[in-house]
Amino acid sequence: MKTASAGPALGFGALMRMAPVSLAAAALLATASAALSLAPFWMLYRIALELAAAQPDVAQVRHLALLALALVLARWLLMALSHGFAHWGAFAVLYRLRLALAQRLLRVPMGFFARQGSGVLRKTVIDDTQAMEGFLAHMLPDASAAATVPLAALALLFMADWRLALASLVPLPVALLFQIRMLRGSAARMHEWHEVQGRIAGRIVEYLRGMPVVKVFGLSARAFGDFAQAIEGTVHWVERYASSSAAGWAVFVGLLTANLVVVAPLAAWLHARGEVDTATVLLFLLVAPAVLQPLLRLTFAFGEQARRAEALLRLNTVLQAPTLAETPAAPNLPVPTEPHGIAFENVGFSYEGRGEYEAPALNTLGFEAPAGGVTALVGPSGSGKSTIARLVPRLFDVNTGCVRVAGHDVRDWPPDELLSRIAIVFQEVMLFHGTVRDNLRIARPDADEAALRAAARAARALDFIERLPQGWETPLGERGARLSGGERQRLSIARALLKDAPILLLDEATAHADAESEWLIQEALAEACRGRTVLMIAHRLQTVVDADHIVVLDAGRVAGQGRHHALLADCPLYRRLWDDQQQAGDWQLVDRRALPEQRP
Ligand SMILES: Nc1ncnc2c1ncn2[C@@H]1O[C@H](COP(=O)(O)OP(=O)(O)OP(=O)(O)O)[C@@H](O)[C@H]1O
């Protein structure tokens, strides 16, 4: 498949550049707030010095105490501002990231979705973007502060006494050695953890999705057993991890929080020798822990890094997914007006992942769907009818040959222009979360009330919409109102009518509707087809008898084309399909009539 090249990979730097001003402000404010957090200790030190003087200056002490209080307040203010900016920036990044993902997903071929799986894509769009937002909103200010405090504390301590300042650093080299040993292999462990989590998630989804089968076939013990086994696996993994890393972790944490073990005796000794005063000892007892403790927070931040790197990898898989190719001619194409005939010229197409020796879905296929007429696609199951319909709006691109709309290769059309000319009514009607009105407006967001009602009336949907508990405001979608198959179809036709596009792709969907619903759907479809170029996937030949053009497909090739009577005479496959369906119809009639007599 011809695809466009991917852009550069997105890194953490690029993420931050999505909201540079607020994130830089957040980091700077967090740094300033962290530095200020030590200032009150300096004031305390100066107060202690003042109090220890032969004649303490009480006014100076009061002044220093007030200054300390003001600095504490200033620190809180800066911290609050930093958090505000960080959240502001992180949400901006979240928004842009999700928008970029949505835009990319619109432009990738459908094969990408099959390859990735909807579970992984859901995780990428929801969880991974959320992870990036969390990182920027919390970790960025935290890490800036955690890096600043030790430096500011050290500067303060060196100003007071360089020997004690050096002593406060003594545990650092040993702690770092332990840290390096612990970090070795952490990426592999994180990967293992994700695999364990993935297994558990898979079992849970399987268990919940398969609940009807589990209940009906009485599989609860086995299904629940698998589920429990997956959870036990996680518990074992955590136990193994905890027991292998507990000792190293305890030493590391102990060393980082225990520099007073070195500083305090040394300070006492120097004090006894008269080399440092009481104020300095006090300063060291208060500030020395701040030299190393924040490194613990930095360690947590880096520990999360492996998880974030995996999330970033998944985000890049989508953001860099090759999109359907747009030929360089695209922007210059004079946008065609009517008529919008469709032509397939020598088209060859295979779905990705099909074996080398499997036949392509479409093979040297050619036909024309005349502008303003109804062209029906008929043929046995798997002959390529749906595939043809997917190639017109470029859900996939051809491998060879070309598909033309209004005389132009679909790859030369600006993609949005092309899609704006096509309305689709498929068997599987997708209803989105939102009201009936929202679901119709998807086709034309600026449609006014009159247009909505007109489309619904023409699609024979107005009556049932108005009978719904909340009428146009009734929520639909997963937890919304339950509509019958026929009602969903008519909503989908109303959408197509509202869009008022010159081309209609139609997957005939009346096969399973009851008689009344079928009649209404047929009326609605007749309305939708009027004045448009229609490409209709037909499953029952009775519905194509009056079509302007019929294309008979067989294993991805055209086996015949023309009008109904001509095909009956000239195309053996069409004749066979017709006879088979007539017989099936007779069988159904006979069978139905026979039913009452069979009752006891
Ligand atoms: N998403 C897909 N991935 C891989 N192969 C596919 C996919 N969709 C269809 N095929 C294959 O392509 C060929 C043509 O299928 P297509 O769905 O176009 O036929 P159809 O005539 O519409 O069939 P039906 O009447 O049963 O819907 C078949 O061999 C089918 O197995």
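The legends below describe close-up views of a predicted model. Local features need pLDDT of at least 70, side-chain atom pairs count only at pLDDT 80 or more, and totals for chains, interfaces and linings use all residues. Residues are numbered from 1 along each chain as its sequence is written.

**View 1. The residues around the ligand.** The shell consists of Y351, A361, G379, S381, G382, S383, G384, K385, S386 and T387. The shell has two nonpolar, seven polar and one charged residues. Here Ala, Val, Leu, Ile, Met, Phe, Trp, Tyr, Cys and Pro count as nonpolar, Asp, Glu, Lys and Arg as charged, and the others, Gly among them, as polar.

**View 2. Helix α3 against helix α13.** Helices (H or I, at least four residues) are DSSP runs, numbered from the N terminus. The axes of α3 (residues 39-52) and α13 (residues 278-287) come within 8 Å and cross at roughly 160 degrees. Axes are lines fitted to C-alpha atoms over the stretch in contact, and angles run from 0 to 180 degrees between N-to-C directions. The angle therefore makes α3 roughly antiparallel to α13 (angles over 145 degrees count as roughly antiparallel). In the contact, F41, L44, Y45, A48, L49 and A52 belong to α3, and T278, A279, L282, L283, L286 and V287 to α13. Two residues are in contact if their C-beta atoms, placed from the backbone, lie within 7 Å. By class, this contact holds eleven nonpolar, one polar and no charged residues.

**View 3. Helix α3 against helix α4.** The axes of α3 and α4 (residues 58-107) come within 9 Å, crossing at roughly 170 degrees. The two helices are therefore roughly antiparallel to each other. The contact has 13 nonpolar, one polar and two charged residues.

**View 4. Helix α19 against helix α21.** α19 (residues 449-458) and α21 (residues 485-499) pack at about 130 degrees, with axes 8 Å apart. A451, L452, A455, A456 and A458 of α19 make the contact with A494, L497 and L498 of α21. These residues divide into eight nonpolar, no polar and no charged.

Methods. Near = placed C-beta within 6 Å. Parallel < 35°, antiparallel > 145°, perpendicular 65-115°, else oblique.
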